[in-house]
Amino acid sequence: MKRVTLFSGHYGSGKTNIAVNYALGLSKEGHKTLIADLDIVNPYFRTRDSEEALKEAGVEIVVSSYANTNVDVPALPEEMYRIIDDKETHAVVDVGGDDRGALALGRLAAKLMEENDYEMVFVMNFYRPLTRTADQLIQVLREVEIASGMKVTALLNNSNLGQLTESMDIEKTDALAKEVSEKTNLPLLGTTVREDLVSKVKGKVFNPMPIRLHFRDEWAIY
């Protein structure tokens with residue numbers, strides 16, 4: 001387990017909900033935990049359901065004060081630097097979608113790489129418009145790496161259709177996830193699966209990982 005875990009991915013990949021789940025898990029294990037939203041376009045940690053769950057678990061929330069503004073490359077608020085300065089805290093970071101969102105991470109990249117205690121997980125959802133194939137997804141991944149100045153270290157298959165997801169929808173993307181892993185030489189950590197579907201996909205997808213939804217909206221991507 002690394003001190004800093006970054007979740008990147010294309011818009012709508014579901015990385016925010018994964019970041020929330022991971023932060024809650026760290027806190028449950030007794031770790032002092034901070035979750036930071038570097039998405040300057042869509043700061044989802046402000047939604048009521050996820051914010052309440054995080055605060056109740058004792059997870060500190062940091063959101064850019066420039067979110068939802070027309071500033072393309074904002075200066076990071078002072079509290080964001082706790083990600084690199086507070087060595088006693090496990091930081092979970094939601095990196096903004098695609099290359100534009102990853103620009104903010106570039107402000108922290110040098111210090112993170114100097115400490116060398118981070119994991120940068122690229123969240124894959126093959127049901128999003130611009131990442132339906134392995135090659136399309138790899139292109140977005142490379143764009144994020146260039147914009148942030150950091151290399152992705154692992155992959156996570158989070159392909160889903162929100163609350164409408166059936167077990168077969170997840171199973172269909174297993175080969176694509178493995179293809180990306182093979183082409184990039186990056187480890188595939190597993191496949192996130194809504195809790196009620198885990199038993200149905202066991203043995204059919206790589207390392208199914210149960211995940212809980214923290215958004216009330218029926219359309220929310222998990």
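The model is predicted, so to speak of local features a pLDDT of at least 70 is needed, side-chain atom pairs count only at pLDDT 80 or more, and totals for chains, interfaces and linings use all residues. Residues are numbered from 1 along each chain as its sequence is written, and side-chain values use heavy atoms, with hydrogens and water left out.

**Overall fold**

The protein has nine helices and eight strands, where helices (H or I, at least four residues) and strands (E, at least two) are DSSP runs numbered from the N terminus. Of its 222 residues, 53% count as buried, a term that stands for under 20% relative accessible area, with exposed meaning over 50% and partly exposed lying in between (1.4 Å probe, protein chains only). Among contacts (heavy atoms within 4.5 Å) with a separation of 6 or more, residues 24 or more positions apart account for 76%.

**The sheet**

The eight strands form an open sheet with parallel pairing, in the order β3-β2-β4-β1-β5-β6-β7-β8; two strands pair if DSSP finds at least two bridges between them. Because β3 (60-63) and β8 (208-211) stand at the edges with a single partner strand each, one side of each is left without a neighbour in the sheet. Neighbouring strands are turned against each other by 25 degrees on average, direction ignored.

| Strand pair | Bridges | Example of bridge partners |
|---|---|---|
| β1 and β4 | four bridges | T5 and V92 |
| β6 and β7 | two bridges | L155 and L188 |
| β7 and β8 | four bridges | T192 and M209 |

Strand β7 is mostly covered, since six of its seven residues are buried. Helix α6 lies across β1, β5 and β6 and runs at about 145 degrees to β5, with axes being lines fitted to C-alpha atoms, for helices over the stretch in contact, and angles running from 0 to 180 degrees between N-to-C directions.

**Helix α8**

Helix α8 spans residues 174-184, and its buried residues are D174, A177, V180, S181 and T184. Seen down the helix axis, these buried residues fall within an arc of 130 degrees, so they line one face of α8; the arc is that of the directions from the helix axis to the C-beta atoms. In general, an α-helix has 3.6 residues a turn, so residues three or four places apart point the same way. The face of α8 turned away from the buried side carries the exposed residues A175 and E182. The cover over the buried residues of α8 includes β5 (118-124), α6 (134-148), β6 (154-157), α7 (167-171) and β7 (188-194). After α8 comes N185, which has a positive phi, near 60 degrees.

**The loop residue D86**

D86 is placed in the loop between α3 (82-85) and β4 (90-94), and it counts as buried because its relative accessibility is 15%. The side chains of D86 and R82 are joined by a polar contact of 2.9 Å, that is, a pair of N or O atoms within 3.5 Å, of which, within protein, one must be able to donate a hydrogen and the other to accept it, while residues adjacent in sequence count only if both atoms are side-chain atoms. Not counting residues up to four places away in sequence, D86 touches R3 and K32.
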